[in-house]
Amino acid sequence: MSQFPAADIRIVATGLYTPPHAISNDELVAAFNAYVVKFNEDNAAKIEAGEIDPLQPSSSEFIEKASGIKSRYVVEKDGILDIDRMAPRVAARPNEELSLLAEIAVAAARDAMRAADLKPVDIDGVICAASNMQRAYPAIAVEIQAALGIEGFAFDMNVACASAAFGIETGLGLIRAGARRILMVNPEICSAHLNFRNRDCHFIFGDVATAVILERADGAPSGEAWEILGTRLKTQFSNNIRNNFGFLNHCERETGAPADPQTDPATDKLFMQEGRKVFKDVVPMVSELISTHLGDLGVAPETVKRFWLHQANLAMNEFIARKVLGRDATREEAPVILDAYANTSSAGSIIAFHKHKADFAAGDIGVICGFGAGYSAGSVIVRKAA
Ligand code: CO8
């Protein structure tokens, strides 16, 4: 007999789209260090005069030791490694063409729909939950909905790296309000909002898209069935992870021509963070969220088979798992995908879930947990159904 009340909603499928290009730490560091040499040569007089500090080289050893990242997938590689550009080359598309963010989300969505053998007509709503939307409107989710031929409704939402957990919670609410199934997608083109000239963070992110299909749990499941035993969300304001890109940017200059937000060199329009402070603040916040959530559901941490955690930093995940379990977690208990994918923001915990769930038996319990800028964190506790 189950100790939990019957879950009313379940996850029936996940999907993944991995971009075709990978950049290893060595490739990234070689490009960064070539940029550093050129910058220091070009600015030799200013450096000599003490007006600016010379740039310092990056290293693969540091990156792997500090973060656990070995490689990352990106939507475009050559532009990132071109030291005169250091940003992916993404051509503007006409309005009539599918946007890139929608395109990768559609690929992940199709993967999930295939897994559960679901047709567009089976889905009532689409949520696009991600850190960076390609534009303000029309919503990327509505474009995805149209590309897939889904009727009903769609909308975008952004809670940074916790977007997927918040998206699942939102999907539950919509199903409880009457929808049969919700498709929740997390397309993340993090490489476009990353400053590849900043040694402190040039290695952190990668691109990917994930999808989750949620379904009312009152009939035979469409695909595999993961009952949702509980969800919990938490936010707490912090400037330690921030990106000031926005529609007011071009109005902000007091004199001179308005800045073009796409080409303005101001780096606060890209991702920036105080990595150490984030680490220190977020570890206790997330471990407490998971521990109290499990406690309130009556689930002993040692009975949890797996923690599919947000993938930002290996040491961070080890700390969180240790705090929750009271001992070190094994790689089976807290799987790592950031070695190959880097930080993919909202998609990270869903990639871990997608790739590391095949060995679950009926009754096994796991925790999906996303966390990041805001700060924001969300946990979703699931149990494999028969
Ligand atoms: N190569 C060599 N040395 C380096 C490098 C480098 N690339 N970078 C820094 N160093 C040096 C520093 O200069 C420093 O030297 P010194 O000791 O002489 O001052 C030394 O290495 C140590 O530097 P740090 O203290 O910065 O290094 P840490 O050990 O703290 O590691 C990390 C840095 C990896 C950033 C780590 O702090 C971390 O991962 N923190 C957690 C961050 C985190 O979880 N952030 C979440 C952000 S994601 C999110 O919320 C989503 C946002 C939306 C996504 C947008 C897409 C772009």
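Visitor: What lines the largest cavity?

Guide: In this predicted model, the lining consists of Leu-28, Ala-31, Phe-32, Ile-80, Leu-81, Met-86, Phe-196 and His-202.

Visitor: What makes a residue part of that lining?

Guide: A lining residue needs an atom within 4 Å of a cavity point, and Leu-28 and His-202 are among the residues listed for this cavity.

Visitor: Why is the space called a cavity?

Guide: It's called that because a 1.4 Å probe fits there but cannot get out. About 30 Å³ of space lies in the largest one, and the structure holds one cavity of 30 Å³ or more.

Visitor: How do you know where empty space is left?

Guide: You roll a probe the size of a water molecule over the atoms, and that shows it.

Visitor: Which helices each supply at least two residues of the lining?

Guide: Those are α1 (25-42) and α4 (78-81). Helix α1 gives the most, with three residues.

Visitor: How does the lining divide into nonpolar, polar and charged?

Guide: You get seven nonpolar residues, one polar and no charged. Phe and Met count as nonpolar, for instance.

Visitor: Why is Ser-71 called buried?

Guide: Buried means under 20% relative accessible area. Ser-71 has 18%, so the label buried applies. This serine is found in strand β3 (residues 71-74).

Visitor: What makes the pairing of the Ser-71 side chain with Ile-23 a polar contact?

Guide: The cut-off for a pair of N or O atoms is 3.5 Å. A polar atom of the Ser-71 side chain lies 3.2 Å from the backbone oxygen of Ile-23, within that cut-off. Leaving aside neighbours within four places in sequence, Ser-71 is also in contact with others, including Asn-25, Leu-338 and Tyr-341.

Visitor: Is Val-126 buried or exposed?

Guide: Val-126 comes out at 0% relative accessibility, and the buried label needs under 20%, so Val-126 counts as buried. This valine is in strand β4 (residues 125-129). Not counting residues up to four places away in sequence, Val-126 touches several others, among them Ile-144, Phe-153 and Leu-183.

Visitor: Why is Gly-275 called partly exposed?

Guide: The relative accessible area of Gly-275 is 32%.

Visitor: What does UniProt place at residues 297-383?

Guide: The unreviewed UniProt entry puts "domain: Beta-ketoacyl-[acyl-carrier-protein] synthase III C-terminal" there. Over that stretch the chain is 29% helix and 25% strand, with the end C-alpha atoms 12 Å apart.

Conventions:
Residues numbered from 1 in each chain as written. Predicted model: local features only at pLDDT ≥ 70, side-chain atom pairs only at ≥ 80, totals over all residues. Heavy atoms only, no water. 1 Å grid on protein atoms, 1.4 Å probe; cavity = no way out; pocket = protein on both sides within 12 Å on 5 of 7 lines; lining within 4 Å. Points joined across faces, edges and corners; volume = space filled by probe spheres on them. Helix = DSSP H or I, 4+ residues; strand = E, 2+ residues; numbered from the N terminus. UniProt positions renumbered as here; feature names shortened; annotations may be inferred. Buried < 20%, exposed > 50% of the residue type's maximum accessible area, 1.4 Å probe, protein only. Polar contact = N/O pair within 3.5 Å; in protein donor to acceptor, adjacent residues only side chain to side chain. Contact = heavy atoms within 4.5 Å.
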